[in-house]
Amino acid sequence: MVEVHLWSGLRSLTGGQQVVEVEAKTTGDLLRELVKLHPQLQAPIDAGVSIAIDGRVIASGLTEPIPVGSEIYLMQRLRGG
Amino acid sequence: MSKFHVSTTVNGDSVEYLCDPRETLLDCLRDKLNLTGAKEGCGTGDCGACSVSVDGRLVCSCLMLGVETDGKQIETVEGIADGDVLHPLQQKFIEHAALQCGICTPGILVAAKSLLEKNPNPTEEETRYWLAGNLCRCTGYDKIIRAVMETAEELREAS
Amino acid sequence: MALDDRKSEFTFVGTRPNRPDGLDKVTGRAKFGADMSAPGMLHGAILRSPHAHARIVKIDTSKAEAHKDVKAVVTRADFADVPFKPGLEGEFWNVLENVMAGEKALYDGHAVAAIAATSALAARDALKLIKVKYEVLPHVTDVDKAMASDAPVIREGAADYSVPEGMHPNVVRYHESGHGDVEAGFAEADLIIEDSFVTEATHQGYIEPHACLGMLGNDGKGELWCTTQGHWIAQKTCAALLGIETSQLRVTASEIGGGFGGKTTVFIEPVALALSRKANRPVKVVMTRSEVFRATGPTSSASMDIKIGMKKDGTISAAQGVFRLQGGAFPGAPGDMTAMCAFAPYNLTNVKQVGYDVMANRPKQAAYRAPGAPMGAFAVESVIDELCKKLELDPVDVRLKNAAYEGTKASYGPRYERIGLVETLEAAKAHPHYSAPLKPGQGRGISCGFWFNHGGETSVSLSLSEDGSAQLMVGTPDIGGSRASMALMAAEVLGIPYENIRVTIADTATLGYNDVSHGSRVTYASGLATIKAAKHAVEKLCERAAASWGIPTDAVKWENGCAVPSGPNAGDFDPRPLADITAHMGSTGGPISGHFEATPEGAGVSFGTHIVDAEVDPETGKTAITRYTVIQDAGKAIHPTYVEGQYQGGAAQGIGWALNEEYIYGEDGRLQNSIFLDYRIPVASDLPMIDTVIVEVPNPGHPFGVRGVGETGIVPPLAAIANAVSHAAGVRMRQLPMSPPRILAALKDNG
């Protein structure tokens with residue numbers, strides 16, 4: 001199990017929870033599991049999210065491995081100029 | 001509207017073209033003579049990307065009509081190098097990375113060459129004011145000013 | 001990226017050779033967007049709305065179509081609203097709506113119809129023959145007014161899941177993040193400052209207007225030449241908007257005359273293709289400068305409220321910010337990015353940030369160098385400066401005291417990997433600029449800045465020639481000398497001279513998908529891919545050498561451009577140089593190439609610190625920047641001269657944003673300053689030399705340690721200059737640009 005930290009704006013979609021525990025081996029698993037637990041998270045995920053694994057920001061990849069016990073943050077998808 | 005016949009000299013070559021009286025010198029250079037070195041950045045004489053020299057005078061070719069250039073001597077960026085030998089300004093711009101995207105470079109080279117012909121020993125301030133009509137959005141001008149001043153110094157030493 | 005893959009000793013990387021495209025660029029032979037032509041080519045021109053907000057009742061094109069010089073006229077009906085592929089939705093729909101108006105014109109300059117004619121003059125003249133009947137609607141261009149309850153609604157139903165109930169329909173996205181308890185943090189503060197700030201929209205201001213040459217047949221096959229930061233996104237978007245298959249459109253990127261984020265989407269390209277399809281001839285479209293200002297690019301304008309609490313020793317006890325960004329008549333203003341970046345330089349126990357994306361009757365905002373970050377930094381770093389002044393603390397010391405470092409929990413959530421903010425602040429403190437005396441009437445300002453950087457989809461191919469030279473194909477348009485950096489990185493791996501490598505920006509038919517040249521990603525991602533592709537080729541070179549020696553491949557290593565036997569059982573053979581192996585490659589297994597395709601996910605965030613001196617003339621309100629120093633972490637500078645160029649360019653654009661540049665709208669909702677005379681970007685005589693310090697704290701996510709450098713340089717200037725001007729003028733400046741009239745008004749208000 002890993003703890004996924006959401007940004008606070010998402011609490012309205014998770015019944016107030018800002019940290020969600022999921023079983024996930026990859027970033028793709030993680031997003032699927034989040035939606036299983038909190039279906040309303042589909043909208044922000046569709047709008048675009050990035051995932052930080054121990055500080056390394058995965059902009060869009062769904063196949064990145066998630067080490068056991070890593071610190072996971074969900075972030076809004078980054079855009080550049 | 002009928003077109004006008006223009007005979008002129010561009011970079012030492014005699015050329016002729018037919019142009020609409022509304023077409024600018026820049027239009028004629030680019031579209032009729034296929035000399036696309038001069039660029040249109042604004043069309044209002046504010047950016048200097050179209051700088052050329054006409055009878056030794058630095059002008060924005062977007063502000064001059066094609067029909068006005070009959071019998072004149074026009075120099076563009078394509079004529080700055082001497083055969084396969086680059087002008088010292090051209091060489092210095094490459095060495096100093098005085099360009100990033102390069103769209104303003106043709107106009108700046110023409111303008112800088114004109115400066116050095118008139119003033120072989122310009123101060124930084126004089127160089128900056130002379131080039132104030134040539135916009136560059138990439139470099140912050142630092143490397144451009146250094147390249148022009150260093151070229152001036154080398155040309156003075158060589159002469 | 002594993003650390004054992006990392007390199008720290010270099011032969012080529014870090015040197016400053018001449019750029020490979022230098023000769024083309026100084027002789028006028030480089031081909032930019034408008035420099036291409038084709039046999040039988042027509043010229044396109046676009047009719048634009050003179051109204052900020054209007055229903056399009058009727059478009060009568062009959063007179064134009066009847067004109068002998070006109071070969072095609074298109075309106076929205078000529079685009080693929082209902083394509084054969086999955087319907088246009090989301091951003092594709094927004095781009096289509098922006099490229100050619102549908103039911104409503106949404107801003108002054110919005111395209112409503114286009115013509116292709118036999119000459120540019122004929123096309124421009126024929127636009128007058130198109131009659132459009134408008135029903136003018138109420139408009140709004142200001143961000144705070146667009147959020148007010150009585151604001152005209154630009155589009156119902158544009159808001160997404162994130163917007164709290166009760167907001168005006170023009171508020172289309174909402175972001176909130178942070179950690180800790182800001183109220184508790186404010187209670188601990190010795191001094192709290194709460195203030196509001198405003199920035200106006202600015203334009204990227206690339207000197208090359210948008211230009212393209214398109215050819216599309218009724219067989220669904222097309223060719224497009226255009227100036228763009230990303231030709232694959234142009235390919236994908238144009239194909240979707242025209243209802244053709246992506247692969248049937250081949251897009252070639254011209255040399256690009258500046259982009260800064262503004263050429264990451266399409267405007268005229270689908271129009272040229274639609275005209276071409278109708279006329280069955282190539283069509284060239286080139287924007288005028290006025291069209292560029294009215295219908296492309298600008299940044300968001302912003303209105304922001306900041307509250308920061310500080311203890312007497314300079315520790316920030318709590319920080320919060322509300323950032324309202326106006327992004328034109330479409331969703332997309334980066335209020336979320338502004339919020340996430342604003343406090344990112346600091347190690348904060350209690351922080352909260354809120355961002356709004358708000359629509360108004362202005363052109364669709366486009367990315368501009370670290371989109372969203374400079375405005376937030378302006379507001380936050382101004383308040384920090386004011387706190388330092390009131391508490392009589394040194395502004396660099398206070399930033400060092402609060403600076404984020406490896407392991408700090410970022411204001412946007414995760415912990416930082418290895419970052420270089422502290423190093424930039426220490427370099428600022430040690431820099432002679434920081435301790436130089438100021439003259440009367442001058443002020444000094446500093447600011448930190450943060451940007452995320454990006455990786456993105458990347459594909460690179462490298463092929464070796466028989467004579468031992470190499471061709472490298474990358475897919476990220478070269479905006480500021482990146483071909484030189486790519487060649488340096490390939491030379492480093494292959495061990496052959498920089499000059500022996502020819503780098504080409506490949507077209508969409510030649511290479512796999514590549515994301516846009518944005519997010520400061522080119523030297524990071526295309527560079528990483530270049531290194532990997534070169535290593536792939538080296539593996540094959542080693543295989544060939546091993547086979548020729550009759551030893552296992554793993555008994556061969558690559559050293560200084562040669563295959564050499566390595567290890568106890570390798571045997572004793574003379575090193576084989578690259579050219580010796582390629583000379584025989586045809587008969588030893590065929591051509592040798594290297595490839596790499598991936599989405600690198602280790603861009604690494606970036607920080608900078610700027611020091612600026614400003615002098616304000618109290619008679620005229622004019623500001624002169626008298627000294628400027630940029631200090632930024634590059635991770636590893638591949639070609640240091642072009643890294644300096646990025647720092648200097650970012651600072652110069654920031655100076656323009658801070659002092660002069662702004663979109664000015666009249667009461668009628670029309671843009672008042674759509675030429676360079678009235679929208680004044682910095683000219684040579686406005687600026688001093690811009691000093692640079694390259695800090696190198698290697699990025700763990702790149703084999704050579706590279707961090708992107710393109711964007712971060714525009715984040716600190718707005719605040720650093722505002723701080724310098726505020727000190728020089730003796731009054732806090734809260735609105736950008738700090739143009740002479742605004743400074744005079746502030747001086748007057750201050751008595």
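**View 1. Where two domains of chain C meet: 21 residues of domain 1 of chain C are in contact with 21 residues of domain 2 of chain C.** Here, two residues are in contact if their C-beta atoms, placed from the backbone, lie within 7 Å. Everything shown is a predicted model, in which local features need pLDDT of at least 70 and side-chain atom pairs count only at pLDDT 80 or more, while totals for chains, interfaces and linings use all residues. Residues are numbered from 1 along each chain as its sequence is written, and chains are lettered from A and ligands numbered from 1 in the order in which they are written. On the side of domain 1 of chain C that touches domain 2 of chain C, the elements giving two or more residues are α15 (482-494) and α16 (522-549) of chain C. Of these, α16(C) gives the most, with five residues. Helices (H or I, at least four residues) and strands (E, at least two) are DSSP runs, numbered from the N terminus. Sorted by class, that side of domain 1 of chain C has eight nonpolar, eight polar and five charged residues. For these classes, Ala, Val, Leu, Ile, Met, Phe, Trp, Tyr, Cys and Pro count as nonpolar, Asp, Glu, Lys and Arg as charged, and the others, Gly among them, as polar.

**View 2. Chain C as a whole, with 20 helices and 26 strands.** Its radius of gyration is 27 Å, close to the 27 Å that the globule rule gives for 751 residues, so chain C is as compact as a globular protein of that length. That radius is taken over C-alpha atoms, and the globule rule is 2.2 Å times the number of residues to the power 0.38. The C-alpha trace of chain C spans about 85 × 75 × 50 Å along its principal axes.

**View 3. Chain A, built from two helices and five strands.** Follow the sequence and you get the pattern β-β-α-α-β-β-β. With a radius of gyration of 12 Å, close to the 12 Å that the globule rule gives for 81 residues, chain A is as compact as a globular protein of that length. The C-alpha trace of chain A spans about 35 × 25 × 15 Å along its principal axes.

**View 4. Two domains of chain B, domain 1 (4-79) and domain 2 (88-158).** Their C-alpha centres lie 22 Å apart. In this chain, 14 residues of domain 1 are in contact with eleven residues of domain 2. Strand β3 (residues 51-54) of chain B supplies the largest share of the domain 1 side, three residues. That side of domain 1 of chain B divides into seven nonpolar, six polar and one charged.

**View 5. A helix pair in chain B: α3 (residues 105-118) and α5 (residues 142-158) pack at an angle of about 40°, with their axes 11 Å apart.** Axes are lines fitted to C-alpha atoms, for helices over the stretch in contact, and angles run from 0 to 180 degrees between N-to-C directions. That makes α3(B) oblique to α5(B); angles under 35 degrees count as roughly parallel, over 145 as roughly antiparallel, 65 to 115 as roughly perpendicular and the rest as oblique. From α3(B), the contact uses Ile108(B), Ala112(B) and Leu116(B), and from α5(B) it uses Ile144(B), Val148(B), Thr151(B), Ala152(B) and Leu155(B).

Terms used:
Domains from an automatic or database assignment.
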